[in-house]
Structures are given as C-alpha cells and as structure tokens.
Amino acid sequence: MTSDTKHHLNPLSLFYFLFRHLWDWLFIVIVTVGPLYGFLEKHGISPILGFAALVVLIIFAVTIRYLCFTFEIGTDMLTINSGVFIKKHTHIPYGRIQTIQHSQWFFLKPFRLEKLQIETAGHDDKSPEAVLPLVSESIRDTIENKRVQVSRSNVTPTATSPQPPTYLIRPRDLYIFALTSLGIFPLIAILLALYGKLQEMIPKKVINSLTSELIHQSLIIVALIGILIVIIGIAGSFLSIVQRYYRFTLTVQANQLKTYQGLFQRNSVTIPTNRIQAIRIKQNVIRQLCHLSTIQALAASSAGDDEKKQRLNGDARC
C-alpha cells in the first residue's frame, strides 16, 4: 500500500514541461499567428496584448501539467500520478525496480537537484518506466534505500565478504581510451557531409575558381587541408569521450553496482548484481596493444544504455 503523502516536483521542472513540448507550442503559435493577428486587427485589439494572452495561456497549461504531476513514496511501492484530462497512475514495487539512473547538470549541483529514470525488469519500451524530471537528491536516496531493504528481505543472509575496492579510471587510461576510439571516422564522415552541403550552397563559379586555384597550388596545401580535417575529427572525438567518461567510478554497495561519470552532466546508474545477465569484454585492435578493454554488464533494462544498447560501461586496464 502507498502513503497518502503526495509530493510535487521541484518548481524548476516547469521549464522541463515547457521545453519538452516546445515543438508543440511552436506549432500552435505558427498555426494561430495568422488567424489571431487578423482577429485582433478586425476588433481593434493591440497585437501585443493578444500575443501576451497567448503566452499567459501557455504558461497556464504548463503550470496545470506541473500541478497534476505528483509522486508517492509508499512502504511497498513508488506511485507516479500524471495527466490532466486522462489520469495515469503508475505503481512500481521496489522489488521490481531494475535500474535507477540519475543525471545532474553542473548548474543543478548547487541546488542538489537531479533527474531520475526508473526501469523495471518487465519494461519493454525504449523509454523508462517512470521519469521524475527534477527532484531532490534525497528522493533518490530514499527510493534506493527502500529497494535495498526489499532485496535484503528476499535474500537469504550469507557470510559477509570484504568490500570490493572502488574503481576510479586514471586520467592516463582515459586519455588513451579517448585517443584510441574509432569514433573519429563518423566525425570525419560528418565533416565530409557538411563539405558536400556547402558545395551545394556555394555558387559553382566560386567553386570552379577555388578548384582552379588549388590545382595551381602545391600538393602540400591539399595535404595540409586533409591533415587539418583529421586533426579536427580526432580532437572532437577525444574531447567528447573525455567529458563523457570524466572521473568514471564503479562502486559496489549492498550488492549493487553503481557507476558515476560525466563532466558537464554527471550521470549515474545503479543496478543490483543479481540482475546482471552477462558480462561482455570488448577491445579494438589499437586498445589490445594498450592493454585497455571495455567491460559491459548486460541487464534486461536499458537505463544504462550507451547508444541505446543494454549495458553498463566500464573502461579498465587488463
């Protein structure tokens, strides 16, 4: 049974509801701007006043959606209530929670606010079972503690083993991992695609003029342009991976694996060890020479997705 106490999201989540349906609001504005302007002009009403009323209407709709979204942290389950005209109640027993993922942008850290995504073992969709867009960090701690209590009550007590050491990726390993990524090739393909688009936008006379100039130039200049494209691709891939896996940490607490990573947006995934279905170790040719490998803990859930694959990532030296 659940508690009667209903909690609201943090008021800053109003911006989440606004930007989540931003394209819908823009579509409404584009469709109504013509008829609205004609109506206002016909009745002698200032357009500024009319559009201000439209903005107020959007803010009102977002506020109603925010007020109708509540959650209850009960004794046995988490309940998510949402919907304005059609009410939706999602009941998630703590024992059914597969993974809990929380992400926190750097500007939310001083406020101790984060986004929670919760998935269950039987969830088949690509989207999480439940999303709490902006809640206090204490909410995540409360849910995780209740899940741990339920899992402990369902497991036969065994002899305690020493706490495994926490793994923290070394900067040197992270830099090597980033430099040996094959992600440079997609970036180079994107740069070449952008170059093709620019060719379509630039007049042919300009392109022919530049081509004739390059023909008369030394091959060194052409080679330097190619090297510059490769350097830009390597730098982009390197910075993307470094900021993504910055201070990657793997810990084991109460039979749960927890990962933390990210520079600008700190992401974390928690999964019980008994939910892990398989372990996969990957190495490309270059990383084999550097003795680096990627260890993936495969689970039924997709909360720990990387490129929408069901896994938890960890990069370690073997």
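Buried means under 20% relative accessible area, exposed means over 50%, and partly exposed lies in between, with a 1.4 Å probe and protein chains only.

## Basis of the model

This is a predicted model, in which local features need pLDDT of at least 70, side-chain atom pairs count only at pLDDT 80 or more, and totals for chains, interfaces and linings use all residues. Residues are numbered from 1 along each chain as its sequence is written, and side-chain values use heavy atoms, with hydrogens and water left out.

## Salt bridges

Side chains of opposite charge can pair when their charged atoms come close. A salt bridge here is a side-chain nitrogen of Lys or Arg within 4 Å of a carboxyl oxygen of Asp or Glu. The count by this rule is five.

One of these pairs is Arg170 with Asp173, whose side chains meet at 3.2 Å, N to O. Asp173 is buried because its relative accessible area is 4%, whereas Arg170, at 45%, is partly exposed.

Arg140 and Asp141 form another salt bridge, with their closest N and O atoms 3.3 Å apart. Arg140 has a relative accessibility of 12% and therefore counts as buried. Asp141 has a relative accessible area of 33%, so Asp141 is partly exposed.

## A link between helix 4 and strand 10

Glu144 forms a salt bridge with Lys258, and the closest N and O atoms are 3.3 Å apart. This pair links distant parts of the chain: Glu144 lies in helix 4 (residues 137–153) and Lys258 in strand 10, 114 residues apart. Helices (H or I, at least four residues) and strands (E, at least two) are DSSP runs, numbered from the N terminus.

Both ends of the pair are buried: Glu144 has a relative accessible area of 5%, and Lys258 has one of 10%.

## Leu257 in strand 10

Strand 10 covers residues 256–261 and also holds Leu257. Leu257 counts as buried because its relative accessibility is 15%.

Which residues does Leu257 contact, leaving aside its neighbours within four places in sequence? With contact meaning heavy atoms within 4.5 Å, they are Leu250, Thr251, Val252, Val269, Thr270, Ile271, Thr273 and Ile276. For Thr270, which is 13 residues from Leu257 along the chain, the C-alpha atoms of the two residues are separated by 5.7 Å.
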